[in-house]
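Please read them with the structure open beside you.

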Amino acid sequence: MGRYYYRQNPKLLRWALTNPLDRVMYTPLTPLKPDFDMVRDLMIETGVLNKKIEFSEYTDVSFAEGKKLRTAWKYEPGDAHAE
């Protein structure tokens, strides 16, 4: 897929995404308020937004917070599927 979507050699993509092995992470899933506030402020500074939007007005973290009750997938690079 990588060669068509990213127009990159699949071997290069595999290396870049797995060295170090924890380079690409899917946790934490919860959006963090300081990160959101920084992006929002940069958007105001650059004119993309014209007013402050509060984190609670824009973000619903209930789905991501619910993930704490679930077991993470077991996936090793190169596996064909996740368990």
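The points below go from the model as a whole to single residues.

1. Basis of the note. This is a predicted model, in which local features need pLDDT of at least 70 and side-chain atom pairs count only at pLDDT 80 or more, while totals for chains, interfaces and linings use all residues. Residues are numbered from 1 along each chain as its sequence is written, and side-chain values use heavy atoms, with hydrogens and water left out.

2. Confidence. The mean pLDDT (the predictor's confidence in each residue, from 0 to 100) is 77 for the protein, and 66% of the residues score at least 70. Helix 1 (residues 2-5) has the lowest confidence, at a mean of 62, whereas helix 3 has the highest, at 92.

3. Overall make-up. The protein contains five helices and zero strands, so that the order of elements from the N terminus is α-α-α-α-α; here helices (H or I, at least four residues) and strands (E, at least two) are DSSP runs, numbered from the N terminus. Of the contacts (heavy atoms within 4.5 Å) with a separation of 6 or more, 29% are between residues 24 or more positions apart.

4. Burial and surface. Of the 83 residues, 11% count as buried, a term that means under 20% relative accessible area, with exposed meaning over 50% and partly exposed the range in between (1.4 Å probe, protein chains only). The protein exposes about 7800 Å², of which carbon and sulfur atoms supply 58%; the areas come from the Shrake-Rupley method with a 1.4 Å probe, and for residues only the protein chains shown count as cover.

5. Salt bridges. How many salt bridges does the structure hold? There are three, a salt bridge being a side-chain nitrogen of Lys or Arg within 4 Å of a carboxyl oxygen of Asp or Glu, and a network of them links Lys33, Asp37, Arg40 and Asp41. Arginine 40 in turn meets aspartate 41 at 3.0 Å, N to O.

Lysine 33, at 38%, is partly exposed, as is aspartate 41, at 32%.

6. Nonpolar surface patch. Met38, Val39 and Leu42 form a nonpolar patch on the surface, with about 270 Å² of accessible area together. Patches are made of residues with over 30% relative accessible area and no salt bridge, with like charges joined within 9 Å and nonpolar side chains (Val, Leu, Ile, Met, Phe, Trp, Tyr) within 5 Å.

7. A buried loop residue. Threonine 59 sits in the loop between helix 4 (55-58) and helix 5 (62-66), yet it counts as buried because its relative accessibility is 19%. Apart from its neighbours within four places in sequence, threonine 59 is in contact with Pro31 and Phe36.

8. A cis peptide bond. Most peptide bonds are trans. The bond from asparagine 19 to proline 20, however, is cis, with omega near -5 degrees, and proline 20 lies in the loop between helix 2 (10-18) and helix 3.

9. A spacing to check. Aspartate 35 is in helix 3 and counts as partly exposed, at 45% relative accessibility. The C-alpha atoms of aspartate 35 and phenylalanine 55, which are 20 residues apart along the chain, are separated by 10.0 Å.
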